[in-house]
Amino acid sequence: MTEISARDRKTTKGVYPKGTTTLATRVLELVASGQASSRAELAELLGTAASTISLTVAQLVERGLIAEEGTQSSTGGRPRRVLRAGSNDEYAVAADVGGRHARIGVVLPGGGVRDVANVPFEVADGPEVALPRLAAHLESLAEQRGRDRLRGVGLSLPGPVDVASGAVVLPSRMLGWNRFPVGAWLEERFGVPAAVDNDANCMAVGEQSVRPAEHRQSIMVKIGSAIGAGVIADGRLYRGATGAAGDITHIRIDGGADIPCSCGNTGCLETVASGAALVRILRERGLDVASPEDVVRLATDADPEATRAVRRAGDHLGQVLAANVNFFNPDAVYLGGILSTLEPFVAAVRSKLYESCHPLVTEHLTIERASLGADAGLVGAGLFALQRALTRALGGIGRATPGADRQHTAAGHGGI
């Protein structure tokens with residue numbers, strides 16, 4: 001599900017016999033994300049012989065990266081042992097950052113969340129000011145839960161992210177953040193692996209962790225002040241050649257040709273369908289709105305101008321999604337972000353997709369709000385962090401003595 005960067009892949013060389021390192025990494029990913037909790041499920045998802053899966057799981061159990069406990073019912077034969085990543089006490093702290101606030105919390109292996117809260121966060125303050133304030137909140141969570149069991153820290157940011165360097169790249173709404181080494185800063189501050197990613201990608205990964213295992217292809221769309229999308233292909237986040245997969249924000253559409261966009265072009269989806277666009281549109285029509293929250297309030301109160309604008313925005317988004325859905329043929333389209341809380345918006349997107357897509361594509365297509373709601377990005381960021389910790393731990397095996405493996409893990413530098 002979560003992507004392993006090229007740098008992380010290199011660290012696993014020499015750990016297992018040739019050909020098994022990638023399998024071990026995939027097993028860890030599926031168990032840590034909650035997509036698989038038994039050897040049988042792993043074998044089915046990975047298309048690998050049960051004996052090979054059993055050997056890989058045994059190796060990971062021996063090294064303390066996977067644990068077995070209890071049983072779950074099966075359709076026949078012996079009950080299946082339940083697999084989980086590391087200890088139930090281990091966790092990551094994570095934050096899903098918006099323009100003026102951040103949603104923080106503790107993320108457990110498998111995607112459970114605890115101690116969720118909203119805290120002030122001003123992107124406009126820049127990383128040197130904003131990050132220390134956010135880190136203080138996350139450190140408070142870690143102290144409450146036990147710093148010795150902290151395995152990673154995750155951050156979801158509202159801009160394009162170079163995952164390998166952990167830095168935001170050319171963000172249109174994050175002045176002062178360009179190329180700032182957020183990931184390295186977090187690792188130095190917390191002393192554990194850090195994962196930094198785009199908010200739509202984090203939402204896609206978070207939502208995937210709680211969806212049916214058979215839903216392996218999906219598009220997650222975040223509609224807040226801006227618009228973004230994350231793509232899940234074969235159960236894993238798909239980034240594309242340069243990490244820009246899912247960028248529907250700047251697709252030009254009919255009806256927006258003369259409106260300038262933050263990217264420098266005109267007529268982009270963001271100029272007519274985002275929360276910021278709706279604020280502009282409604283203010284031009286004489287309504288007293290200053291934020292997407294104001295738009296939601298008016299539409300919830302059935303204000304006719306706001307409702308019409310929201311439906312029109314959903315229609316524009318559906319127009320763009322239709323081309324992507326026809327091309328990709330996903331199992332599901334999930335909608336997140338503040339505008340997804342409005343039924344007229346969701347209904348307009350759904351209607352446009354059914355109108356514009358081939359019937360074979362929409363026959364079994366799920367189109368609905370993210371089941372995790374506001375926590376989707378938080379869960380995804382935490383799962384990315386836990387996966388990064390697992391990968392580092394997997395890379396460390398073989399460079400220490402057998403007795404040192406567990407000491408290494410217990411010190412907080414190992415896997416989850």
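Analyst: Happy to. Keep in mind that this is a predicted model, where local features need pLDDT of at least 70, side-chain atom pairs count only at pLDDT 80 or more, and totals for chains, interfaces and linings use all residues. Residues are numbered from 1 along each chain as its sequence is written, and side-chain values use heavy atoms, with hydrogens and water left out.

First, the setting. The chain has 15 helices and 14 strands; helices (H or I, at least four residues) and strands (E, at least two) are DSSP runs, numbered from the N terminus. Of its 416 residues, 53% are buried, where buried means under 20% relative accessible area, exposed over 50%, and partly exposed in between (1.4 Å probe, protein chains only). If you take the contacts with a separation of 6 or more, 64% come from residues 24 or more positions apart; contact here means heavy atoms within 4.5 Å.

Now to strand S3, residues 91–97. Seven of its seven residues are buried, so it's mostly covered. Tyr91, Val93, Ala95 and Val97 point one way, while Ala92, Ala94 and Asp96 point the other, and all of these are buried. S3 belongs to an open five-strand sheet with mixed pairing, in the order S5-S4-S3-S6-S9. Two strands count as paired if DSSP finds at least two bridges between them. At the edges stand S5 (113–120) and S9 (194–198), each with a single partner strand, so one side of each has no neighbour in the sheet. Neighbouring strands here are turned by 15° against each other on average, direction ignored.

How does S3 connect to its partners? With S4 (residues 101–107) the pairing is antiparallel over six bridges, and a hairpin of three residues joins S3 to S4. Alanine 92 has valine 107 as its bridge partner in S4, and alanine 95 stands opposite isoleucine 104 in that strand. With S6, S3 pairs in the parallel sense, also over six bridges, and there the bridge partner of alanine 95 is leucine 155. Helix H5 (residues 127–145) packs on this sheet, touching S3, S4, S5 and S6 (150–157), and its direction makes about 150° with that of S3.

Serine 156 in S6 is worth a stop. At 0% relative accessibility, serine 156 counts as buried. Its side chain makes a polar contact with the side chain of aspartate 96, at 2.9 Å. A polar contact is a pair of N or O atoms within 3.5 Å; within protein, one must be able to donate a hydrogen and the other to accept it, and residues adjacent in sequence count only if both atoms are side-chain atoms. Leaving out residues up to four places away in sequence, serine 156 touches Ala95, Asp96, Val97, Asp197, Asn198, Asp199, Cys202, Gly377 and Ala381.

Some of those names lead on to helix H7. All 10 of the 10 residues of H7 (residues 199–208) are buried, so the helix is largely enclosed by the rest of the structure. Asp199 and Cys202 are among those buried residues. At the start of H7, a side-chain oxygen of asparagine 198 reaches to within 2.9 Å of the backbone nitrogen of alanine 200.

H7 also brings in another sheet: the helix lies across S10 (218–223), S11, S12 and S13 (332–336), running at about 45° to S11. That open sheet has five strands in the order S12-S11-S10-S13-S14, with mixed pairing. S12 (236–238) and S14 (366–369) stand at its edges with a single partner strand each, so one side of each is left without a neighbour in the sheet. On average, its neighbouring strands are turned by 25° against each other, direction ignored. S11 (residues 227–233) pairs with S12 in the antiparallel sense over three bridges, and alanine 233 has arginine 236 of S12 as its bridge partner. Helix H11 (residues 304–328) lies across S10, S11 and S13, at about 165° to S10.

Conventions. Axes are lines fitted to C-alpha atoms, for helices over the stretch in contact, and angles run from 0 to 180 degrees between N-to-C directions.
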